[in-house]
Each structure stands twice: as C-alpha cells, then as structure tokens.
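The following paragraphs lead the reader through one protein structure, beginning with a sheet and moving on to the parts around it. Please keep the sequence and the structure in view while reading.

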Amino acid sequence: MQIDRKKLFEIVKEGGALFQNRAEAACIKVKGVSDYVTEVDFHVQEHIRTRLMQEWPGVQFMGEEKDNSGIDFTKAVWILDPVDGTTNLIHDFRQSAVSLALYEGGSPVCGVVYQPYTQELFYAQAGGGAFLNGTPIHVSKARSMEECLISIGTAPYEHEYAEWNFDLFRRIFLDCQDVRRLGSAAIDLAYVACGRTDAFFERSLKPWDFAAGRILVEEAGGTVTDFEGNSPDFRKKGSILGSNGPVGRLLLEQYMKN
C-alpha cells in the first residue's frame with residue numbers, strides 16, 4: 001500500500017496543533033484508576049480519522065477513544081493514539097504525542113510519532129529506515145548497564161503491579177546511569193529509536209500505545225519484544241520492551257526473569 005508521506009505528516013501535525021487548546025484539555029472525563037480522557041483526545045481523534053478516511057478510503061481505523069471490536073486485523077488498519085500522554089496534557093507537562101501507525105496483514109507498514117511541543121516528527125517505514133524531521137536515526141551502541149539511560153513506565157492504571165514494578169525499577173536504577181519516566185510510551189520508544197535512551201519498558205500497554213513506536217525502534221536497528229522476549233501482539237494489551245538490542249537482552253536475562 002502506497003502512502004503519501006507529505007500528506008500523512010500534514011494530517012498528524014494538524015492533530016498535534018489541537019493540543020494547544022487548554023480549555024478542551026481542562027474538560028476531563030475519568031475512565032478508570034489514573035485513566036483520563038479530555039475533549040482534546042476526542043477532537044484530535046475525530047479530526048485525524050476524518051482526514052485519513054478522505055485520503056485513504058476503505059482502510060479501517062482503530063482509535064483509543066472508540067469501539068474497536070469490529071476490526072479485521074488481517075486487513076489494513078490505521079492505529080491511532082490521539083494523545084499519548086493525556087495526564088501530561090492535563091497538567092501542561094508538554095510530554096504528549098500523536099501516535100499513528102498503519103498495519104497491513106498483521107505487520108507494521110509505517111509509523112509516525114509527533115511531539116507538537118518540540119515539533120519533532122519521528123517516522124519509519126518498513127524496510128525504509130527511521131527518521132527524525134527527515135534525518136536518519138539509529139539506536140544507541142550501549143552494551144552494558146553502566147552505559148545506559150533507561151526509560152520506565154509505571155502502568156498507572158493497574159496498581160496491582162506496583163510492588164513488582166518498583167522492585168524492578170530499583171534494581172535497574174542501581175546498575176544503570178539513571179532512569180527516566182516521561183509518561184508517554186510513544187515518546188519513550190521514539191527516544192530509544194534515536195538513541196537518546198537505550199531501553200524502555202512498561203507493563204500493560206495497549207496497541208495504540210506502541211504500534212508506531214515499535215516500527216520506529218525496529219527500523220532504527222533495535223528490537224521490541226514482550227517481557228518474555230517474544231514479538232508483541234499488536235491486537236491486544238501486553239508488556240513492551242523496546243531497546244537497542246543488546247540492552248534489551250540484558251534486561252530480559254538479568255532482571256525480568258528474576
């Protein structure tokens with residue numbers, strides 16, 4: 001399936017521009033424990049959905065803020081998180097992104113992560129590499145924990161994992177240079193792809209959280225797996241570990257299995 005990059009980038013940037021509406025960001029609905037949605041989320045999703053349907057009619061659409069039960073994953077489908085980092089948006093923390101991916105036949109075709117506050121657009125296409133604002137990007141060359149800056153996700157919607165998570169965070173923190181918690185899995189994976197961090201992991205991420213970030217990391221030379229080292233299932237919620245490759249293996253073998 002051919003994708004006009006210029007048109008795709010235009011659509012995603014239009015969605016990102018809507019993050020600036022602080023009045024809509026203040027219109028908040030509670031979906032669950034630490035799980036929120038704002039009018040910005042709905043507005044961005046509807047805008048991007050409409051524009052995608054205009055440009056590529058017939059391609060299915062999967063979005064965070066809609067019922068996705070009828071999706072046929074053997075066919076082409078857009079996967080959108082309109083605001084990855086909604087809690088950050090509510091607090092004007094400025095670490096939120098539009099995350100959009102196209103999957104076809106069960107495999108990623110392309111992915112875009114757009115951070116409107118920094119105007120950084122990350123893009124990857126299957127077999128075509130990964131880019132940041134048009135410049136090729138690559139994962140880091142770190143091989144040891146002592147070299148690493150590692151991003152973590154706290155699975156804030158599922159507090160039952162807190163003890164396991166924070167014990168793991170402590171052990172990793174003691175062995176690496178430092179840890180970071182950005183609050184947006186899409187940005188975290190994009191940062192792994194461009195070598196700013198060496199790995200990112202989080203439990204219980206949903207498809208729209210990692211669909212675009214996955215292809216960014218893989219096309220930048222890294223790997224994305226679940227916590228057992230298997231390829232993640234983009235159709236359902238699961239654990240995600242994105243890394244430059246060697247650091248991911250270290251985390252799996254020395255930390256996550258203990």
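In this predicted model, five strands make up an open sheet in the order 11-10-12-14-13, and their pairing is mixed. Strand 11 (178-180) and strand 13 (223-225) are the edge strands, each pairing on one side only. From one strand to the next, the twist averages 20°.

Helix 6 touches strand 10 (149-152), strand 12 and strand 14, and its direction makes about 150° with that of strand 12. Helix 7 touches strand 12, strand 13 and strand 14, with a direction at about 150° to that of strand 13.

There is also an open sheet of seven strands, in the order 3-4-5-6-7-8-9, again with mixed pairing. Strand 3 (60-63) and strand 9 stand at its edges with a single partner strand each, so one side of each has no neighbour in the sheet. Helix 6 packs on this sheet as well, touching strand 4, strand 5, strand 6 (107-115) and strand 7; the direction of helix 6 makes about 105° with that of strand 6. Helix 3 (residues 39-55) lies across strand 3, strand 4 and strand 5, and runs at about 155° to strand 4.

In general, strands of a sheet pair through backbone hydrogen bonds, in either a parallel or an antiparallel manner. Strand 7 and strand 8 pair in the antiparallel sense over four bridges, and Phe 122 has Leu 132 in strand 8 as its bridge partner. These two strands form a hairpin with three residues between them, and Gly 127 in the turn has a positive phi of about 80°. Strand 8 then runs antiparallel to strand 9 (residues 135-136), joined to it by two bridges. Here Leu 132 has Thr 135 as its bridge partner in strand 9, while Phe 131 has Pro 136. Strand 8 and strand 9 also form a hairpin, with two residues between them, and Asn 133 in the turn has a positive phi of about 50°.

What lies on the two sides of strand 8? In a regular strand, side chains alternate between the two faces of the sheet. In strand 8 both faces are covered: Gly 129 and Phe 131 are buried on one side, and Ala 130 and Leu 132 are buried on the other.

The largest nonpolar core has 38 residues, of which Ile 79, Val 113 and Phe 122 touch the most other members. The elements that give two or more residues to this core are strand 4 (77-84), strand 5 (97-104), strand 7 (120-125), strand 8 (129-132), helix 6 (185-193), strand 12 (199-205) and helix 7 (207-219). Helix 6 gives the most, with eight residues. The surroundings of Val 113 can be listed in detail. Beyond its neighbours within four places in sequence, Val 113 is in contact with residues including Ala 97, Val 98, Leu 121, Phe 122, Ala 186, Ile 187, Ala 190, Ala 212 and Leu 216. A second, separate core holds 29 residues, among them Val 40, Leu 100, Val 109 and Tyr 123.

The largest pocket has a volume of about 530 Å³. Which residues lie nearest its centre? Of the 30 residues that line the pocket, these are Pro 156, Tyr 157, Arg 181, Gly 183 and Glu 202. At least two lining residues each come from strand 2 (35-38), strand 4, helix 4 (86-90), strand 12 and helix 7. Strand 12 supplies the largest share of the lining, four residues.

Gln 20 is placed between helix 1 (5-17) and helix 2 (22-25). Is Gln 20 buried, exposed or partly exposed? Its relative accessibility is 44%, so Gln 20 counts as partly exposed; the range for that class runs between 20% and 50%. Gln 20 and Ser 107 are 87 residues apart along the chain, and their C-alpha atoms are separated by 33 Å.

Methods:
Residues are numbered from 1 along each chain as its sequence is written. This is a predicted model: local features need pLDDT of at least 70, side-chain atom pairs count only at pLDDT 80 or more; totals for chains, interfaces and linings use all residues. Side-chain values use heavy atoms; hydrogens and water are left out. A nonpolar core is a set of buried Ala, Val, Leu, Ile, Met, Phe, Trp, Tyr and Cys residues joined through side-chain atoms within 4.5 Å. Buried means under 20% relative accessible area, exposed over 50%, partly exposed in between (1.4 Å probe, protein chains only). Contact means heavy atoms within 4.5 Å. Two strands pair if DSSP finds at least two bridges between them. Axes are lines fitted to C-alpha atoms, for helices over the stretch in contact, and angles run from 0 to 180 degrees between N-to-C directions. On a 1 Å grid over the protein atoms alone, a cavity is a set of points where a 1.4 Å probe fits but cannot get out, and a pocket is an open set with protein on both sides within 12 Å along at least five of seven lines; lining residues have an atom within 4 Å of a point. Grid points are joined across faces, edges and corners, and a volume is the space filled by probe spheres set on the points.
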